[in-house]
Amino acid sequence: MYALIDCNNFYCSCERVFNPKLEGRPVVVLSNNDGCAVARSDEAKDLGIAMGTPAFMIQDELRKHNVAVFSSNYTLYGDMSDRVMQTLSGFCPRMETYSIDEAFLDFQDMAYSDLLQLGLTIRKTVKQHTGIPTTVGIAATKTLAKMANRFAKKKRPDTGVFWAANKQLVEEMLANTIIRDIWGIGAQHARFLQKKGFHTAMELSQAPDDWVRKELSVVGLRLVHELRGIPCIADEFELPAKKNICTSRSFGNLLTCKSDIREALCNYAATCALKLRKQNSCCKTLEIFVQTNPHKIEHRQYVRSIRVQLERPTNNTSEIIKYAVKGFDIIFKEGYLYKKTGIIAMDITPDTHIQTGLFDSANQEKDKVVMTVMDTINRSLGKDLVRMAVQGFDKKFRVRAEHLSPRYTTDINNLLKIRN
DNA sequence: TCTGGGGTCCTAGGACCC
DNA sequence: TCTGGGGTCCTAGGACCC
């Protein structure tokens with residue numbers, strides 16, 4: 001049996017923990033650049049604010065209903081997530097952090113018998129330790145646990161827990177879940193299946209294997225087996241190292257000046273190198289891309305990317321920046337209004353045993369020490385004060401974040417004050 | 001004025017090799 | 001007229017997830 005624990009409206013709930021006045025009031029958290037609504041409290045959902053709606057399209061509505069609006073505060077959400085996961089891991093050693101606000105617990109080999117009661121205890125404990133409300137779904141496979149979680153939100157709002165404990169409960173759940181709400185079925189496949197006459201998860205679970213394999217590939221077949229209660233999705237209790245690492249942002253304003261855009265890219269390259277070091281990896285290929293704003297159909301469009309092979313795997317900031325600029329100089333073209341640039345590190349390998357080139361002149365040991373010192377200083381300051389000159393300090397590309405809450409849990413200057 | 005960012009996996013098709 | 005059969009590697013693009 002698997003449990004899927006999901007934090008309710010996670011980003012909104014994080015804001016509420018430190019600002020209880022928001023309780024009962026609609027809350028919306030925006031994406032980077034204050035672009036779209038990516039998290040909504042139940043009250044905001046009731047107002048009809050859909051996931052991913054551009055903020056400028058709902059300005060009036062937000063004001064009219066006195067919605068509390070926040071920019072994304074990833075420092076806060078990341079730290080709160082760590083605390084939730086820490087609490088969950090106390091219930092079961094076989095835990096898999098699936099995303100910032102979700103985790104699977106695998107109860108195989110555990111002595112728990114009443115999983116419904118266990119679910120209730122988990123919810124209560126997480127709430128007590130972190131202030132974050134959760135929902136718990138329990139079932140035989142991960143796909144069914146996901147479904148049970150969704151089912152709990154809809155049909156068990158009072159307890160927040162659903163355990164698909166027997167055949168009858170599983171069937172009740174399958175029959176009451178529409179195709180589009182199955183984990184792994186997106187808009188495209190939902191439309192296709194609809195046309196073929198499938199409406200519920202129950203119906204899909206009974207589709208013939210051959211047909212599913214042919215129309216939905218092995219991914220679909222795995223999914224159908226999961227619906228039948230046969231686990232097909234591998235457990236990953238260790239956080240696997242990322243296979244690609246991407247750093248990219250849209251600019252607050254459209255940019256035309258080459259040096260401004262290059263400066264942005266150098267900053268993303270530095271972040272990318274830091275992410276590599278954090279997971280003890282190096283990369284051997286970089287992909288650099290630039291693009292104009294595709295929503296501005298009246299503007300001339302330009303999208304281009306390039307792959308750059310490195311001489312040897314690296315995670316050194318100045319090295320990564322050097323190659324990023326090299327690629328950028330090839331693909332950048334004057335005369336366009338640019339919206340975004342970014343860098344993807346690929347061909348990722350562990351940072352032990354780096355194959356050095358025969359004529360390597362770089363002193364890698366020295367570089368490594370420099371990086372370690374830089375990371376240590378920046379980490380202790382909580383910001384990237386030690387930087388490369390090309391990163392600049394005058395960020396023309398800065399993203400918008402006009403509704404940012406304090407970093408309550410990670411910055412001593414942002415501690416919540418009860419009374420002045 | 002204003003439309004996120006970061007991932008994964010799978011398939012098809014081309015290039016190349018023997 | 002006619003054009004092997006495998007295998008591997010790479011890339012692009014689609015679909016999905018949070």
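How many nonpolar, polar and charged residues does the surface near DNA strand C have? That surface has five nonpolar, five polar and five charged residues, where Ala, Val, Leu, Ile, Met, Phe, Trp, Tyr, Cys and Pro count as nonpolar, Asp, Glu, Lys and Arg as charged, and the others, Gly among them, as polar. This is a predicted model, in which local features need pLDDT of at least 70 and side-chain atom pairs count only at pLDDT 80 or more, while totals for chains, interfaces and linings use all residues. Residues are numbered from 1 along each chain as its sequence is written, chains are lettered from A and ligands numbered from 1 in the order in which they are written, and side-chain values use heavy atoms, with hydrogens and water left out.

**DNA strand C**
- DNA strand C is surrounded by 15 residues, the closest being Ser-99, Lys-146, Gly-184, Gly-186 and His-189; a residue is near a strand if one of its heavy atoms lies within 4 Å of it.
- Of the atoms of DNA strand C within 4 Å of the protein, 100% belong to sugar or phosphate.
- A polar backbone atom of His-189 lies 2.8 Å from a phosphate oxygen of DNA strand C, a polar contact being a pair of N or O atoms within 3.5 Å.
- Helix 8 (187-195) and strand 5 (95-99) each give two or more residues to this surface, and the largest share, three residues, comes from helix 8; helices (H or I, at least four residues) and strands (E, at least two) are DSSP runs, numbered from the N terminus.

**DNA strand B**
- Around DNA strand B there are 25 residues, of which Cys-246, Arg-249, Ser-250, Lys-296 and Lys-339 are the closest.
- By class, the surface near DNA strand B has seven nonpolar, eight polar and 10 charged residues.
- Strand 9 supplies the largest share of the surface near DNA strand B, six residues.

**The sheet that includes strand 9**
- Four strands form an open sheet in the order 9-12-10-11, with antiparallel pairing; two strands pair if DSSP finds at least two bridges between them.
- Strand 9 and strand 11 (303-314) are the edge strands, each pairing on one side only.
- Strand 10 (residues 281-292) and strand 11 pair in the antiparallel sense over eight bridges, and Ile-288 stands opposite Ile-306 in strand 11.

Conventions: A polar contact is a pair of N or O atoms within 3.5 Å; within protein, one must be able to donate a hydrogen and the other to accept it, and residues adjacent in sequence count only if both atoms are side-chain atoms.
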